[in-house]
Amino acid sequence: MNLTNSDTNLPAGTNGMRNTRVLISGASVAGPALAYWLDRYGFAATVVEKAPALRLGGQAVDFKGEVHLTVLERMGILEDVRRLQTGGTDQEIVDWNGRRLAVMPGEFTGGELEIRRGDLSRLLYERTRAAGCEYVFGDSVTSLTETADGVHVTFERGAPRTFDLVVGADGIHSNVRRLAFGPESDFVRFLGYYYALVGIRPGFGKVPTMYNEPGRLVSTGGPAAAAFFAFASPHLDYDRYDAEAMKRILLDAFAGMAWRTSEIMEAVREADDVYLDSISQVRIDRYSEGRVVLLGDSAYGNTLGGFGTGLAMVGAYVLAGELAEAGGDHRVAFRRYEEAFRDYAKIAKNGNAGPFLAPRTRRGIKARNLMFKLGPLFSLMMKMTDRFATNITLKDYRPLVRR
Ligand SMILES: Cc1cc2nc3c(=O)[nH]c(=O)nc-3n(C[C@H](O)[C@H](O)[C@H](O)COP(=O)(O)OP(=O)(O)OC[C@H]3O[C@@H](n4cnc5c(N)ncnc54)[C@H](O)[C@@H]3O)c2cc1C
């Protein structure tokens, strides 16, 4: 099938495209990005999100290299992302006394283009809402039953519905993955570290600053009113939607830490916006099961190496493009998406930023800091991250756009 931009006004379902009703679970980054492209190719996207409203929390996420920027440009949001960008701020690494030990350059923490995760999510949400994509907040899929020509879906709150395809864009602890592929323990490997982002009051200085003790990192200050934590820990059991429970975990984990940590923890006590999750790898040998497919952290994992958001955006572009190119034939499209993407997503499958962020020994902390003082080593690392971010050849699916 070869379509051109002049086919733009055909409504979904009457355009020769099969499988046009698509349910996406998760309205963070991957879900709304996929909804954007599906809508443009003439599919009807419904996004269901467990949280009662769009989640705007989190710190900055970043894009690096030609591939990420090309996808943003083809989506028509590159200028908006640039307008909202936060990046370019160096981060000081200090000792217990606040004395500067090293500087982590802005290009390292923020990639080429950095934006708050909440701003990116809102941008994608607003675009897709305005285009007519359906969003259902405060609900979650409870069962998926595949039939010959669709997937019968039941929900925690809403009435059952039938869709042609279902996409799990619901993060590392994906509900859709659990329902369609099996229990989380079969696919998610905990890497021994947690990270947290807490929206706290400003007042911790103009320069983003971080402090380490073995196995622990706390960082705050600068333009964003947020604190970032990383810490080594055995596996923890808690409710990821219970802010008070997550604050208790953090207060315990950071008790007795020097520098300004006790002051920061006082601000954490007052905060409402808390996000705490593990650093984990996803090991799954296929991204699809019948009419169900995984996208973003649910498929590739989140090792906190600064690749999760770029992967989710590029993955959405490829998955939707392959569906459009295959005329909605999910068997062909899912296979091609996986073939195109597996290698590219390897960085998330193999990485673990935990030991880098919060080395477990004093010697490890010193070695990490030294890296920022040694120019050649730092350049080598930047070159490597750039290579990972650009290690895919993007097809141009734009001739298939219908609206
Ligand atoms: C609140 C928040 C803050 C974050 N902050 C950062 C950060 O500061 N730095 C960073 O590098 N990464 C952060 N991340 C992770 C980052 O967004 C992802 O690594 C990356 O953007 C890929 O996104 P994703 O859409 O695949 O998954 P995620 O961003 O994890 O989004 C998954 C979405 O699915 C929803 N969901 C979960 N379960 C269900 C269910 N049963 N039914 C329906 N919906 C469900 C979640 O509420 C969430 O909105 C954050 C994620 C969230 C949700």
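Just after helix H2 (residues 65–75), glycine 76 takes a positive phi of about 75 degrees. The structure is a predicted model, in which local features need pLDDT of at least 70 and side-chain atom pairs count only at pLDDT 80 or more, while totals for chains, interfaces and linings use all residues. Residues are numbered from 1 along each chain as its sequence is written, and side-chain values use heavy atoms, with hydrogens and water left out. Helices (H or I, at least four residues) and strands (E, at least two) are DSSP runs, numbered from the N terminus. Nine of the 11 residues of H2 are buried, so this helix is largely enclosed by the rest of the structure. Here, buried means under 20% relative accessible area, exposed means over 50%, and partly exposed lies in between (1.4 Å probe, protein chains only). The buried residues of H2 are Gly65, Val67, His68, Leu69, Thr70, Val71, Leu72, Arg74 and Met75.

A positive phi also follows helix H1, at glycine 42, where the value is near 100 degrees. Positive values occur in residues other than glycine as well: phi of asparagine 19 is near 55 degrees. Asparagine 19 is found in the segment before S1 and is buried, with a relative accessible area of 11%. Threonine 20 lies in the segment before strand S1 (21–25) and counts as buried at 10% relative accessibility. The C-alpha atom of threonine 20 is separated by 32 Å from that of glutamine 281, and the two residues are 261 residues apart along the chain. Tryptophan 259, which is not a glycine, has a positive phi of about 60 degrees. This tryptophan 259 is found in the loop between helix H7 (243–253) and helix H8 (261–270), and it is buried, with a relative accessible area of 19%.

Helix H1 is mostly covered, with 10 of its 11 residues buried. The buried residues of H1 are Ala30, Gly31, Pro32, Ala33, Leu34, Ala35, Tyr36, Trp37, Leu38 and Asp39. Two packed helices are described by the angle between their axes and the distance between the axes. Axes are lines fitted to C-alpha atoms, for helices over the stretch in contact, and angles run from 0 to 180 degrees between N-to-C directions. The axes of H1 (residues 30–40) and H5 (residues 117–131) come within 9 Å and cross at roughly 35 degrees. This crossing of H1 and H5 is left-handed; a crossing has that hand if the near helix is turned anticlockwise from the far one by less than a right angle, and is right-handed if clockwise. On the H1 side, Pro32, Ala33, Ala35, Tyr36 and Asp39 meet Leu124, Tyr125, Thr128 and Ala131 in H5, where contact means heavy atoms within 4.5 Å. By class, the contact of H1 with H5 has seven nonpolar, one polar and one charged residues. Ala, Val, Leu, Ile, Met, Phe, Trp, Tyr, Cys and Pro count as nonpolar, Asp, Glu, Lys and Arg as charged, and the others, Gly among them, as polar.

With H10, the axis of H1 comes within 8 Å and the crossing is at roughly 30 degrees. H1 passes H10 in a right-handed crossing. Ala30, Ala33, Leu34, Trp37 and Leu38 of H1 make this contact with Ala312, Met313, Ala316, Tyr317, Leu319, Ala320 and Leu323 of H10. The contact of H1 with H10 has 12 nonpolar, no polar and no charged residues.

A nonpolar core is a set of buried Ala, Val, Leu, Ile, Met, Phe, Trp, Tyr and Cys residues joined through side-chain atoms within 4.5 Å. Of the 87 residues in the largest such core, Ile24, Tyr300 and Phe341 touch the most other members. Helix H10 (residues 308–325) gives the most to this core, with 11 residues. A second, separate core of 26 residues includes Val198, Phe204, Phe229 and Phe231.

A search of the whole structure finds 22 aromatic pairs. Rings of Phe, Tyr and Trp (its six-membered ring) pair if their centres lie within 6.5 Å; planes under 30 degrees apart count as stacked, over 60 as edge-to-face and the rest as tilted. The rings of tryptophan 37 and tyrosine 41 are stacked, because their centres are 5.9 Å apart and their planes are at 20 degrees. Both tryptophan 37 and tyrosine 41 are buried. The rings of phenylalanine 190 and tyrosine 194 have centres 5.1 Å apart and planes at 45 degrees, so this pair is tilted. Phenylalanine 190 is partly exposed, with a relative accessible area of 25%, whereas tyrosine 194 is buried at 2%.
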